[in-house]
Amino acid sequence: MFQGFSTETIRFLADLRANNNKEWFEVNRGRYKQHLMEPLQDMVLALAPCMKSIDLLIETNPKRCISRINRDTRFSKDKSPYRANMWVSLKRNYKDWKTEPVFFFELFPDYYRYGMGFYCIPKETLYEIRGLIDGQDKAFLKAHSLYKGQGTFSLEGEKYKRILNPNLPDEWKEWYQRKDIYFVCNKNVDEGLFRSDLIRELADGFGTLAPIYHFFLNLRSLGAK
């Protein structure tokens, strides 16, 4: 069962960031498995009932949900072989998951975050959202009301500098101007990270975002027709 992460989890990530080479990692592979991979696997299993209640098609096999620590350096100037962060992505089994809505938890040496959104939202989906906003569609208004009614998550993502529709209320522009869209709760490393209650926090947060997740799913279904 998930018992929370530990100070050793954070220490390992910080040490890896300072010693990002294969020799160091092989010496410390046991720390990686015990203090990072095992609690991440336990987290996924503990979240499974919550995720299945949101969407039965969400994958909850830890082998499919946890990021690799090895970096793909083929097309990067940064040749560091490892990441100093790890994440869990809870999603359906898509051919290209980056273009679909996904719940996530991500851990860094000095902070962590969780939420839901797109890694790389398709332009077609952005057009659909803007069309719903322009038409004051009930589905958008409901999703926006749900977002405004909670206090945990912020709407983030890169924005266009040019105002696309100056006639909209500022609160709607928060959606309309986005090149990327995701809802996220950012936290510095705190005691909550080290307790089993973190699962309840994540489950409650993901449950809050579930209607907006389904709003996104419906958009993607419309775009596929």
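Tutor: Let's start with contact: two residues touch when they have heavy atoms within 4.5 Å. Take Met43, which touches Phe2, Phe5, Val88, Phe105, Leu198, Ile199 and Leu202, leaving out residues up to four places away in sequence.

Student: What kind of model is this, and how are residues numbered?

Tutor: It's a predicted model, where local features need pLDDT of at least 70, side-chain atom pairs count only at pLDDT 80 or more, and totals for chains, interfaces and linings use all residues. Residues are numbered from 1 along each chain as its sequence is written, and side-chain values use heavy atoms, with hydrogens and water left out.

Student: How many residues does the largest nonpolar core have?

Tutor: The general idea is that, in soluble globular proteins, nonpolar side chains tend to be buried together. A nonpolar core is a set of buried Ala, Val, Leu, Ile, Met, Phe, Trp, Tyr and Cys residues joined through side-chain atoms within 4.5 Å. Buried means under 20% relative accessible area, exposed over 50%, and partly exposed in between (1.4 Å probe, protein chains only). Here the largest core has 64 residues, and Met43, Leu90, Phe103, Phe105, Trp175, Phe183 and Phe216 have the most contacts inside it. Helix 8 gives the largest share of this core, 13 residues.

Student: How many aromatic pairs are there?

Tutor: Rings of Phe, Tyr and Trp (its six-membered ring) pair if their centres lie within 6.5 Å; planes under 30 degrees apart count as stacked, over 60 as edge-to-face and the rest as tilted. This structure has 21 such pairs. In one of them, the ring centres of Phe25 and Tyr82 are 4.3 Å apart with planes at 20°, so the pair is stacked. Both of these residues are buried.

Student: Why is the pair of Phe183 and Phe216 tilted?

Tutor: Because their planes are at 35°, with ring centres 6.3 Å apart. Helices (H or I, at least four residues) and strands (E, at least two) are DSSP runs, numbered from the N terminus. Phe183 sits in strand 5 (residues 182-188) and Phe216 in helix 8 (residues 198-224), so the pair ties together parts 33 residues apart in sequence. Phe183 is buried, at a relative accessible area of 0%, and Phe216 is buried, at 0%.

Student: In what order do the strands of the sheet run?

Tutor: Two strands pair if DSSP finds at least two bridges between them. Five strands make an open sheet, in the order 1-2-3-5-4, with antiparallel pairing. Its edges are strand 1 and strand 4 (154-156), each pairing on one side only. Five bridges join strand 1 to strand 2 (residues 102-107).
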